[in-house]
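Subject: A structure for you to look at

Hello,

Here is the structure I promised to pass on. Have a look at it first, and then read on for what turned up.

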Amino acid sequence: MDGTGEQTGGLVATAAVRLAGAKRIVVFTGAGVSTDSGIPDFRSPNGLWDRYDPRQLSYQRYLADPQVRRLSWQLRRELHGMRPKPNAAHLACTRLAEAGRLAGVVTQNIDGLHTDAGLPPELVCELHGNGRWVACLSCGDRLPMAEAVARVEAGEADPACRTCGGILKSTTVSFGQALPRAAWERAEAMTACCDAFLAVGSSLVVYPAARLPELAAESGARLLILNREPTPLDPLADVVLRGECGELLPRLVEALLEAA
Ligand code: NAD
């Protein structure tokens, strides 16, 4: 299977038939949904993992080692400078919401592109937090990432909290850090009530996030997995679409809405 041609058109049409009638759809998105916006994923060739191992930037190391914090700020500065825009896959999720068929998007991404694409915040559950904000790990004071990055660019390699002197960190979940409880509970509730669960652009190897497609399948929802490469959960899925999110998700959504 590839992302082009008649064969794929047929597979998208078949997928839409399998999902037809679904009214409470959850779309679960991973870094692959944002690669068309220019943000590298972790595990693809040239992905972020080729440049650094996020486990080396674990929460525990971040707390303990100023060198790890300096490297983290350089990466944040780089990502902040990309100014990414939503792509066709994000817009397809918004289209589902506009058609009244979306229960919500549960995303592992920290880039904020689903809300930029017009999804109301109440329909977006950011499981791994949001990289546009920074918080003090001691007093909880918050500031926009743009402000913190400006301080890094002005020469503060590891900016400290201006209220209490504590360590500042993006409001994202690092390796070794627990998921925000409220976000996890929302994601579980959305998953438990959905009638179709679309896992899109995720390697489905990061737990507990990857537990959600398993839960969806266990609770009887139809499970579709769309990814460029195989995932360990493909055998659980009712439909597997192999190809590009930016091409196949919009086609799938249109076909689904046509099938009603
Ligand atoms: P991952 O890197 O493990 O997997 C991404 C998957 O998407 C890969 O299997 C890859 O083959 C596939 N892919 C890449 N581009 C694609 C495309 N255009 N179309 C179809 N498939 C494509 O990412 P993950 O599963 O989300 O888990 C890794 C963690 O990385 C998450 O916790 C996430 O928070 C974090 N992350 C987020 C961002 C972001 O916010 N944009 C970027 C990198 C990493």
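Let me start in the loop between S7 and H9, where you will find Leu204. Please keep in mind that this is a predicted model. Leu204 is not a glycine, yet its phi is positive, about 55°. With a relative accessible area of 2%, Leu204 is buried. Most residues other than glycine have a negative phi, and most peptide bonds are trans.

The loop between S7 and H9 also holds Pro208. The peptide bond that leads from Tyr207 to Pro208 is cis, with omega near 10°. Elsewhere, in the loop between helix H4 (66-82) and H5, Arg83 has a positive phi of about 45°, although it is not a glycine. Is Arg83 buried or exposed? Its relative accessibility is 58%, so Arg83 counts as exposed.

You will find Leu179 in the loop between strand S6 (168-172) and H8. Buried means under 20% relative accessible area, and Leu179, at 18%, therefore counts as buried. Leu179 and Leu127 are 52 residues apart in sequence, but their C-alpha atoms are 6.7 Å apart in space. Beyond its neighbours up to four places away in sequence, Leu179 touches Leu127, His128, Val173, Trp184 and Pro208.

Helix H9 (residues 211-218) has Leu212, Pro213, Glu214 and Ala216 as buried residues. What covers them includes S1, S2, helix H8 (181-193), S7 and S8. After H9 comes Gly220, with a positive phi near 95°.

In helix H5 you can look at Thr94, which counts as buried at 6% relative accessibility. The side chain of Thr94 reaches the backbone oxygen of Ala117 at 3.0 Å. Leaving aside neighbours within four places in sequence, Thr94 is in contact with Ala117, Gly118 and Leu119.

Finally, the ligand. How many residues surround the ligand? There are 28, and the closest are Ala31, Arg43, Gln108, His128 and Ser203. By class, this shell has 8 nonpolar, 13 polar and 7 charged residues. An N or O atom in the side chain of His128 is 2.6 Å from an oxygen atom of the ligand. The backbone takes part as well: a backbone N or O atom of Ile110 lies 2.8 Å from a ligand oxygen atom, and one of Gly32 lies 3.5 Å from a ligand nitrogen atom. Taken alone, the ligand exposes 850 Å², and the protein buries 96% of that.

Enjoy exploring it!

Best wishes

Definitions and conventions: Residues are numbered from 1 along each chain as its sequence is written. This is a predicted model: local features need pLDDT of at least 70, side-chain atom pairs count only at pLDDT 80 or more; totals for chains, interfaces and linings use all residues. Side-chain values use heavy atoms; hydrogens and water are left out. A residue is near a molecule or strand if one of its heavy atoms lies within 4 Å of it. A polar contact is a pair of N or O atoms within 3.5 Å; within protein, one must be able to donate a hydrogen and the other to accept it, and residues adjacent in sequence count only if both atoms are side-chain atoms. Accessible areas come from the Shrake-Rupley method with a 1.4 Å probe; for residues, only the protein chains shown count as cover. Ala, Val, Leu, Ile, Met, Phe, Trp, Tyr, Cys and Pro count as nonpolar, Asp, Glu, Lys and Arg as charged, and the others, Gly among them, as polar. Buried means under 20% relative accessible area, exposed over 50%, partly exposed in between (1.4 Å probe, protein chains only). Helices (H or I, at least four residues) and strands (E, at least two) are DSSP runs, numbered from the N terminus. Contact means heavy atoms within 4.5 Å.
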